[in-house]
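Work through these exercises with the sequence and the model side by side. Try each task before reading its solution.

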Amino acid sequence: MSRRLLLVEDEPGLVMTLTDRLAAEGFDVDSATDAHSGLAKATSGSFDVIVLDVMLPGRDGFDVARTLRQQGVATPILMLTARTLVVDRVVGLKLGADDYLTKPFDTMELLARLEALLRRAPASSGVALERYQFGDVVVDVRRAEVTRDGQPLELSAKEFQLLRYFIEHRGTTLSREALLQDVWGYTAMPSTRTVDVHVAWLRQKLEPNPRVPQFILTVHGMGYKFAG
């Protein structure tokens, strides 16, 4: 089965080149050349992954990524940019992007990163969750909203993605390395502290007693397990 990919890029030559190469690799590619049409397609269509340029006419890719996450679109996003500053990559990831590739890039690296993002799909439970409740917490996956005892909780895009991944894999022991790969899209990291920090933030917001968690459990020597 072909995988549906949305390419939001304003350089005609790059659109043509990537469309041909991605199609040859089995992707069903749709494209948009500006932020407005990209948002319209991303919110109205069903895509497996989105490749999003940062520098777009009208508004930049950061705004597009933020809007998509606010509207509950959880499709993996890989951002393309000519910017090389670390702060730009950090901003993109904080706004909800799953990976980042700096121009010029090798197409093989793009394909490898796309495959890494898509690997999360076969690993999921296969259940299309729209609403999930544990304790006094309600997760509205479609709206990307979380409430506790009826009051809205503010979660960052990455915190929400991590929580959703835990829910989709509830009862399964997940290593820090697997979480980094499937939630952050990293295949190698010098430290897994990133996972621990985000888990601590989630516990502060979701657990009745964060010091004695009952939903996001630590499996010593192995990783974490969601028991909600």
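**Exercise 1. Find the side chain that makes a polar contact with the side chain of D182, and place D182 in the fold.**

Step 1. The partner is Y165, with the two side chains 2.6 Å apart. A polar contact is a pair of N or O atoms within 3.5 Å; within protein, one must be able to donate a hydrogen and the other to accept it, and residues adjacent in sequence count only if both atoms are side-chain atoms.

Step 2. D182 belongs to helix α8, residues 176-184. Helices (H or I, at least four residues) and strands (E, at least two) are DSSP runs, numbered from the N terminus.

Step 3. D182 is buried, at 8% relative accessibility. Buried means under 20% relative accessible area, exposed over 50%, partly exposed in between (1.4 Å probe, protein chains only).

Before going on, note the ground rules. This is a predicted model, where local features need pLDDT of at least 70, side-chain atom pairs count only at pLDDT 80 or more, and totals for chains, interfaces and linings use all residues. Residues are numbered from 1 along each chain as its sequence is written, and side-chain values use heavy atoms, with hydrogens and water left out.

**Exercise 2. Classify the ring pairs of F226 with F134 and with F166.**

Step 1. Set the rule. Rings of Phe, Tyr and Trp (its six-membered ring) pair if their centres lie within 6.5 Å; planes under 30 degrees apart count as stacked, over 60 as edge-to-face and the rest as tilted. The count by this rule is five aromatic pairs.

Step 2. Take F134 and F226. Their centres are 5.1 Å apart and their planes stand at 90°, so this pair is edge-to-face. F134 sits in strand β6 (residues 131-134) and F226 in strand β12 (residues 223-226), 92 residues apart. F134 is buried at 3%, and F226 is buried at 1%.

Step 3. Take F166 and F226. Here the centres are 6.5 Å apart and the planes at 25°, so the pair is stacked. F166 lies in helix α7 (residues 157-168), 60 residues from F226 in β12. F166 is buried, at 0% relative accessible area.

Step 4. Widen the view. Ring pairs join Y132, F134, F166, F215 and F226 into a cluster.

**Exercise 3. Trace the salt bridge between K103 and E9.**

Step 1. A salt bridge is a side-chain nitrogen of Lys or Arg within 4 Å of a carboxyl oxygen of Asp or Glu. The structure has 16 of them.

Step 2. K103 and E9 meet at 3.0 Å, N to O. K103 is in the loop between β5 (99-102) and α5 (107-118), and E9 in the loop between β1 (3-8) and α1 (12-24), so the bridge ties together parts 94 residues apart in sequence.

Step 3. Check burial. K103 is buried at 16%; E9 is buried at 0%.

Step 4. Look for a network. Salt bridges link E9, E11, D53 and K103.

**Exercise 4. Which salt-bridge partners do K205 and R164 have?**

Step 1. K205 pairs with E159, at 2.8 Å, N to O. K205 is in helix α9 (residues 193-206) and E159 in helix α7, 46 residues apart. K205 is partly exposed at 25%, whereas E159 is buried at 4%.

Step 2. R164 pairs with E168, at 3.0 Å, N to O. Both are in helix α7, about one helical turn apart because four residues separate them.
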